[in-house]
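Please keep the sequence and the model in view while reading.

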Amino acid sequence: MQYDRNNALLQSSIPGLPEPRRGKVRDIYDLGDELLLVASDRLSAFDVVMPNGIPDKGKVLTQISLFWFELMDWMPNHLISADPADFPAPAQAVADDLVGRSMLVKKAGSIAVECIARGYLVGSGWKEYQAEGTVCGLKLRKGYVQADKLDAPIFTPSYKAEQGEHDENITFEQTVEMVGTETANALRDNTLKIYKTAADYAATKNIIIADTKFEFGFDKDGSMILIDEVLTPDSSRFWPAELYTTGANPPSLDKQFVRDWLESVNFNKTPPAPNIPDEVVMKTREKYLEAIEQLTGKGLA
Ligand SMILES: Nc1ncnc2c1ncn2[C@@H]1O[C@H](COP(=O)(O)OP(=O)(O)OP(=O)(O)O)[C@@H](O)[C@H]1O
Ligand SMILES: [Mg+2]
């Protein structure tokens, strides 16, 4: 295990298991039919992974995903167990480092479409709307301002690019061409249903979920399951309701300090990123902890 000076887990290693694939945040151990997903404390901003991490961030992301999996029990998902006692023996031997931040999951044949639900008009959606009056090819009514709530949430798929490439927005018709009508319809319907359920729940906790990204896959019997992380601050825009305004980009609940600091040092958004100062690390950590407490009513397990 590699920790940084603030005790943030930068890289996991599990003697006795093959080297993992390392995503921006997760270390992915391939166990054949199953995967062991270990959420590190790595943080990416503007798609660049920072050299130092945010202590406990991986635990927050994992435990928020587990919370939603339980709440949305009608949607089949990839989780087998988050209890290290159920992990393979080499992982049990380093359980102290993995506990709270790891999930044993079904390995799914993944679908190369990222399923995005948007309830508000910001980011790339706002840019496209200003230029074309559309979002991912969907025509929207006139008169929206930046960060406006949409009349109804929309499904805006994107093509999951190879590692290092930026994902690319696609139309629903292109999604149908890629995966077929039945799968495309199921992706859209599941995405919107999960998003609406979560957004309604979060609203009661004074959090706006402006948008979010899901990934789905197929399990061994060919049923569609929800995979990856779910409705976390990394996969979604979470806004504190009391700071919400239109006409500007509302501050995010979690990464705003890091983004603001990177802008203040004129980070050019290409690697290598500078070391995040401890003060920014600690304030950001507080934000992640606030997010899980506000959302679930419980702190970290
Ligand atoms: N059940 C599953 N079956 C197969 N792949 C999965 C499953 N759950 C998650 N994944 C994949 O594991 C990876 C999670 O790691 P992480 O979130 O760090 O990756 P990322 O940086 O977002 O994506 P990538 O590195 O692939 O661009 C993602 O590539 C995701 O598609
Ligand atoms: Mg990811």
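The points below cover helix packing, the nonpolar cores and one glycine.

The model is predicted, so local features need pLDDT of at least 70 and side-chain atom pairs count only at pLDDT 80 or more, while totals for chains, interfaces and linings use all residues. Residues are numbered from 1 along each chain as its sequence is written, chains are lettered from A and ligands numbered from 1 in the order in which they are written, and side-chain values use heavy atoms, with hydrogens and water left out.

**Helix 1 and helix 8**

- Residues of helix 1 including Val 60, Ile 64 and Trp 68 meet residues of helix 8, among them Tyr 288, Ile 292 and Leu 295.
- By class, the contact of helix 1 with helix 8 has 9 nonpolar, 2 polar and 1 charged residues (Ala, Val, Leu, Ile, Met, Phe, Trp, Tyr, Cys and Pro count as nonpolar, Asp, Glu, Lys and Arg as charged, and the others as polar).

**Helix 7 and helix 8**

- Helix 7 (residues 256–264) packs with helix 8 at about 150°, with axes 8 Å apart.
- That angle makes helix 7 roughly antiparallel to helix 8.
- Phe 257, Val 258 and Trp 261 of helix 7 make the contact with Val 280, Lys 283, Thr 284 and Lys 287 of helix 8.

**Nonpolar cores**

- In the largest nonpolar core, of 61 residues, Trp 68, Phe 214, Phe 216 and Leu 231 touch the most other members (a core is a set of buried Ala, Val, Leu, Ile, Met, Phe, Trp, Tyr and Cys residues joined through side-chain atoms within 4.5 Å).
- Helix 6 (residues 181–203) gives the most to this core, with 8 residues.
- A second, separate core of 10 residues includes Leu 17 and Phe 87.

**Gly 58**

- Gly 58 is found in helix 1 and, at 0% relative accessibility, counts as buried (under 20% relative accessible area, 1.4 Å probe, protein chains only).
- Leaving aside neighbours within four places in sequence, Gly 58 is in contact with Ala 39, Ser 40, Asp 41 and Arg 101 (contact means heavy atoms within 4.5 Å).

Conventions:
Helices (H or I, at least four residues) and strands (E, at least two) are DSSP runs, numbered from the N terminus. Buried means under 20% relative accessible area, exposed over 50%, partly exposed in between (1.4 Å probe, protein chains only). Axes are lines fitted to C-alpha atoms, for helices over the stretch in contact, and angles run from 0 to 180 degrees between N-to-C directions. Angles under 35 degrees count as roughly parallel, over 145 as roughly antiparallel, 65 to 115 as roughly perpendicular and the rest as oblique.
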